[in-house]
Amino acid sequence: MVSIEDIPAEQRWEIAARAASAIPFAYDIAFRETIGEKYDEMERPIMVEAGKEIKNLASALGLPTGNAREINETFGIITTILYGPEFRGETTEEGDDRTVGTVTQCPNLNRAVEMGVDPQIVALTGCQTFCKSVVANLNPGFTQHFNKRMCGGDPYCESVIERRK
């Protein structure tokens, strides 16, 4: 008899992460044509709520969120847990009040391309909404914005987390 334990944990994680990164695009494919431009409006509160859930995960795992460096590290850890080893990024500027990070490999972008949908239409707005919500929920004293976005055609994403002014 075959059991889940017969499948290596790393392989189970990769399968789950691929499925998780495909789900938003499956919804987009199913509903955008019928709903049209209102789809982005409908998706926004879902992405905000998803960002709130990251705070719950960070708390459950005891991950720190007291400054920009910790928020960035915690966000990276949880993103990798959720989206798997396909997610790749690095910190390019690190400080307590401002941290800059890049993403060079994104499973969400990869799924959009594999599924034949335009990442600029189906991923860009949702990702930005999600990321801003994550940072605001991890620590309301900080904010996040992008300087570069792969879904918008840039070679990598560049995100800035900084103390609110």
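Let me begin with Thr 74, which touches Ala 58, Leu 63, Pro 64, Thr 65 and Leu 138, leaving aside residues up to four places away in sequence; contact here means heavy atoms within 4.5 Å. The model is a predicted one, in which local features need pLDDT of at least 70 and side-chain atom pairs count only at pLDDT 80 or more, while totals for chains, interfaces and linings use all residues. Residues are numbered from 1 along each chain as its sequence is written, and side-chain values use heavy atoms, with hydrogens and water left out.

Thr 74 is found in helix α3; helices are DSSP runs of H or I with at least four residues, numbered from the N terminus. Thr 74 has a relative accessible area of 1% and is therefore buried, given that buried means under 20% relative accessible area, exposed over 50%, and partly exposed in between, with a 1.4 Å probe and protein chains only.

Now to α3 as a whole. The buried residues of α3 are Ala 68, Ile 71, Asn 72, Thr 74, Phe 75, Ile 78, Thr 79 and Tyr 83. They lie on the same side of α3 because they cover an arc of only 170° around the axis, the arc being that of the directions from the helix axis to the C-beta atoms. Helix α3, residues 68–83, has 16 residues and reaches 22 Å from its first C-alpha to its last, close to the 22 Å expected at 1.5 Å a residue; the expected span is 1.5 Å times one less than the number of residues. At the start of α3, a side-chain oxygen of Asn 67 comes to within 3.0 Å of the backbone nitrogen of Arg 69. Just after α3, Gly 84 takes a positive phi of about 85°.

I turn next to helix α1. In α1, the residues Ala 17, Ser 21, Ala 22, Phe 25, Asp 28 and Arg 32 are buried. The buried residues of α1 pack against α2 (38–61), α3, α4 (107–114) and α5 (119–122). Just after α1, Gly 36 has a positive phi of about 75°.

Finally, the cysteines. With a disulfide taken as a pair of cysteine sulfur atoms within 2.5 Å, the count comes to zero. Cys 106 is in no disulfide, and the nearest cysteine sulfur, that of Cys 151, is 5.9 Å away. Cys 106 is buried, at a relative accessible area of 14%. Cys 127 counts as partly exposed, at 31% relative accessibility.

Terms used. Helices (H or I, at least four residues) and strands (E, at least two) are DSSP runs, numbered from the N terminus. A polar contact is a pair of N or O atoms within 3.5 Å; within protein, one must be able to donate a hydrogen and the other to accept it, and residues adjacent in sequence count only if both atoms are side-chain atoms.
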